[in-house]
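Q: Hi, I'm new to this one. Could you walk me through it?

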Amino acid sequence: MSWGIELWDQFDNLEKHTQWGIDILEKYIKFVKERTEIELSYAKQLRNLSKKYQPKKNSKEEEEYRYTACQAFLATLNEMNDYAGQHELISENMTSQIIVELVRYVQELKQERKSHFHDGRKAQQHIEMCWKQLESSKRRFERDCKEADRAQQYFEKMDADINVTKADVEKARQQAQTRHQMAEDSKTDYSSILQKFNHEQHEYYHTHVPNIFQKIQEMEERRIVRIGESVKTYAELDRQVIPIIGKCLDGIVKAAESIDPKNDSQLVVEAYKSGFEPPGDIEFEDYTQPMKRTVSDNSLSNSRGEGKSELKFGGKSKGKLWPFIKKNKGATPEDFSNLPPEQRRKKLQQKVDELNKEIQKEMDQRDAIAKMKDVYLKNPQMGDPTSLDHKLAEVGHNIDKLRLETQKFEAWLAEVEGRLPARSDQARRQSGMYEAQNAPSVNNCAQDRESPDGSYTEEQSQESEVKVLATDFDDEFDDEEPLPAIGTCKALYTFEGQNEGTISVVEGETLYVIEEDKGDGWTRIRRNEDEEGYVPTSYVEVYLDKNAKGAKTYI
């Protein structure tokens, strides 16, 4: 089957068909391009979805991911991020291996098609020119033959006329011979051109056209093969990412299988265990006796404070037990005495660990400055060693301050763990200022836990908490009024507030001050209506309003 033989007279239709083939190829390129855009958009949406549900750093969400169920969800988010990467890879490979290659091939195909049809038109023009020459020689031969016949007839007429002179007859004879010779020459020329035309026509239809059309056919078949290869590549590029996508899905399944409900239940115990014992039975109070009523040690009523209202089990507070009393409003006490024993121990241990890390960080900085000073001493041209004395003193002051803080929290931790009978005098002095400023709230939650004989007693703390219950129990769900801003502050350093009651700040950030430093080294600030907490006073520069006794600066 050959287009040159079968379609020798379909030049125009072949031209239209090959143009249609190029249009189909360009349509396929557009289809693949739109597919790559869809893959990129899908990958972007998957990444944004994964990022949206990632836990925020230094937030409560991060603590929630200790649970295996939350860890499985986090693993799903991470696997979906990798899953999105595979769709980006599909888009990238389709662009480089299909779109780019086909666009270049289309340009080459257009040039080749143009060349072939140019040769075809050139052959057509040549055969048309030969045909015109043949027609011209044929008409000339016909005209010369007619002229020769007329001259011959005129000569015969003159020769038969007896009245015509011999000279006129001779002239007519010569004219007839001339015309006859011209007819013979035209005949010879016409015959030669006819033979040439037949040869050119045979070459055109049996050599030139078949060769040109064969090249066009081969070009068109290569185009069809190229489309087939591109379609196959399209499928293979999808197939290549299937193993990786399968691993992503396997990772999600593995994360799901790693969920341990018992472990999560144990984490709940560790997070919320108070360390208290359940309350004992309430003793019977005999109202038939004229004696003064007493309350047992296990009663929930408060009998210690003279003039204090006795806790009544009625109305909204009926059925409430002391482990569930309302937490004290206001700032969290520095020693976490508002927390149950077990939770307080965990918070204190966490604080001690953080302080030890800070001390180590400051010590490393001190060592680095000391080494630099030693280099300056040995090489004065590199710098003035005395310029580092102020920095060394500042770091040393920070270390001493952190060590005092650590000792204070270690003393409270030892008290909770039972290593000490009661608070040490040093710890009591260090926390005294904080307790004094929060006397209405903190002391209600955590009285000095010493019995009259000096020994530690948990019951006193419990009874103190019952006092809070007696006064604040009915407004347990009241909304807390936000404190007004008394000034502004600028963060000198970045602080990551990981403990309850603190807030994270970034160096250079400006926030509102709602409570000054009362001597405990902490300033209460607010970012917006939902974010407020304490930061170290040394980390911020405070500017109080005019009505707050002028601006003070803490550095």
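Q: Which residues touch the most other members in the largest nonpolar core?
A: Those are L25, V32, M94, I98, F213 and I216, in a core of 40 residues. Such a core is a set of buried Ala, Val, Leu, Ile, Met, Phe, Trp, Tyr and Cys residues joined through side-chain atoms within 4.5 Å. Buried means under 20% relative accessible area, exposed over 50%, and partly exposed in between (1.4 Å probe, protein chains only).

Q: Which helix gives the largest share of this core?
A: Helix 4 does, with 16 residues. Helix 2 (11-52), helix 4 (68-160) and helix 5 (166-240) each supply at least two. Helices (H or I, at least four residues) and strands (E, at least two) are DSSP runs, numbered from the N terminus.

Q: Before we go on, what kind of model is it?
A: A predicted one: local features need pLDDT of at least 70 and side-chain atom pairs 80 or more, while totals for chains, interfaces and linings use all residues. Residues are numbered from 1 along each chain as its sequence is written, and side-chain values use heavy atoms, without hydrogens and water.

Q: Is L89 buried, partly exposed or exposed?
A: L89 counts as partly exposed because its relative accessibility is 32%. L89 lies in helix 4.

Q: New topic: what is the strand order in the open sheet?
A: The five strands go 4-3-2-1-5, with antiparallel pairing. Two strands pair if DSSP finds at least two bridges between them. Strand 4 (531-536) and strand 5 (540-544) are the edges.

Q: How many bridges join strand 2 to strand 3?
A: Three, between residues 510-515 and residues 522-528. E515 stands opposite R524 in strand 3.
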